[in-house]
Amino acid sequence: MEEIMHIAGHVLEHSIEDTLYLIPFLFVTYLAMEWLEHKAGDKAQNAIKRAGKAGPVIGAVLGVVPQCGFSAAASTLYAGRVITVGTLIAVLLSTSDEMIPIFLAAQVPLSTMGAILGAKVVMGIVAGLALDGVLRLLHRPEEHLRIHELCQRDHCHCNGECHACEENPELVYKAEKDEEHHHDHAGASIVKSALKHTAQVTVFIFIVTLLLNVVLETVGEDALAQILGSNSALSVVVAAIVGLIPNCAASVVIADLYVEGVLGAGAMFAGLLVSAGVGLLVLFRANRRPKQNLIIVAILLVVGIVAGAIVSAAGIVF
């Protein structure tokens, strides 16, 4: 009984820690989105579309900052169609999650860390630009902002009740120019709406993180390490799959095994490339289009496996 209570306390402590530090990122992101929704017009939307072409470059550079706060923010922005899918992919691929703290603790040379982070940024930029480029070549129509749709779904009522906008979310951004279709934004509380969104997503992340930590604590990270290091031929694929686990334990185990020499450079790179922390959790919570989310996960997995295989085949050592 005492051991169970110890495990429960350990799991709860880590779940709270994994969730709390995301709150500022989520709040600032939702605050910006609420402001954009209330102020957006044709000029604002056109500016976003123009910036979208360079989005993957900016996203990859920002995503390399330690921890997964930016991946959570990017998933939220993509759900509102503020950024492109290529920018989202760039952020998710460059996000380092727990890699840097583990490497610093193990006294890994700064040159090695710099090389790995640089490679992640490059992969993020290349994959993001390529994806956006392909979608443009296929003449896929640019989606309107969907921030208002998120508000309607989460019952924030930040723009009052409007059945027309519920059916066609893009109408809200043209309301200020339409005398027959008007929203009164004066009484709306941007901060209140942002807080409500943040609270809802935070609760979701905490619950899922708690469940994942229970599983990992029960199964044990040692078992996960054994699976990763048991077959060198499949280690790249297995590491990439493990990297998709939306929990910091994935990047911790992969980084640890690389430091200990159990994993090769290819497997390490594949796993850490797709390890976006809770970014994927936020994506599935905020973007209620399961098929799109699964395609994004599939793209991450394929990029991770291909990049890891190239590193292994080329004999690259970071």
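A cavity is a set of grid points where a 1.4 Å probe fits but cannot get out, and its lining residues have an atom within 4 Å of a point. In this predicted model, one cavity of 30 Å³ or more is present. The volume of the largest cavity is about 70 Å³. Its lining comprises 11 residues, and those nearest the centre of the largest cavity are Asp18, Tyr21, Asn247, Cys248 and Val278. Sorted by class, the lining of the largest cavity consists of five nonpolar, three polar and three charged residues.

Nonpolar side chains tend to be buried together in soluble globular proteins. In the present model, the largest nonpolar core contains 54 residues. Leu88, Phe103, Ile296, Leu300 and Phe318 have the most contacts inside this core. Helix 15, spanning residues 265-274, gives the most to the core, with eight residues. Apart from this core lies another, of 12 residues, including Leu22, Tyr30, Ala79 and Ile205.

Isoleucine 296 belongs to the group with the most contacts inside the largest nonpolar core. When residues up to four places away in sequence are not counted, isoleucine 296 touches Tyr78, Val85, Leu88, Ile89, Leu92 and Leu283.

Burial was also examined along helix 13. In this helix, which runs over residues 235-243, the buried residues are Ser235, Val236, Ala239, Ala240, Val242 and Gly243. These residues lie on the same side of helix 13 because they cover an arc of only 165 degrees around the axis.

Alanine 90 is part of helix 6 (residues 85-94). Alanine 90 counts as buried because its relative accessibility is 0%, the cut-off for burial being under 20%. Although alanine 90 and glycine 124 are 34 residues apart along the chain, their C-alpha atoms are separated by 3.9 Å. Glycine 124 is also among the residues that alanine 90 touches, together with Pro56 and Ala60, with residues up to four places away in sequence not counted.

Lysine 120 is placed in helix 8, which covers residues 110-137. The relative accessibility of lysine 120 is 0%, so this residue too counts as buried. Lysine 120 touches Leu93, Ser94, Thr95 and Ser96, as well as Phe269, Leu272 and Leu273, again not counting residues up to four places away in sequence.

Methods: Residues are numbered from 1 along each chain as its sequence is written. This is a predicted model: local features need pLDDT of at least 70, side-chain atom pairs count only at pLDDT 80 or more; totals for chains, interfaces and linings use all residues. Side-chain values use heavy atoms; hydrogens and water are left out. On a 1 Å grid over the protein atoms alone, a cavity is a set of points where a 1.4 Å probe fits but cannot get out, and a pocket is an open set with protein on both sides within 12 Å along at least five of seven lines; lining residues have an atom within 4 Å of a point. Grid points are joined across faces, edges and corners, and a volume is the space filled by probe spheres set on the points. Ala, Val, Leu, Ile, Met, Phe, Trp, Tyr, Cys and Pro count as nonpolar, Asp, Glu, Lys and Arg as charged, and the others, Gly among them, as polar. Buried means under 20% relative accessible area, exposed over 50%, partly exposed in between (1.4 Å probe, protein chains only). Helices (H or I, at least four residues) and strands (E, at least two) are DSSP runs, numbered from the N terminus. The arc is that of the directions from the helix axis to the C-beta atoms. A nonpolar core is a set of buried Ala, Val, Leu, Ile, Met, Phe, Trp, Tyr and Cys residues joined through side-chain atoms within 4.5 Å. Contact means heavy atoms within 4.5 Å.
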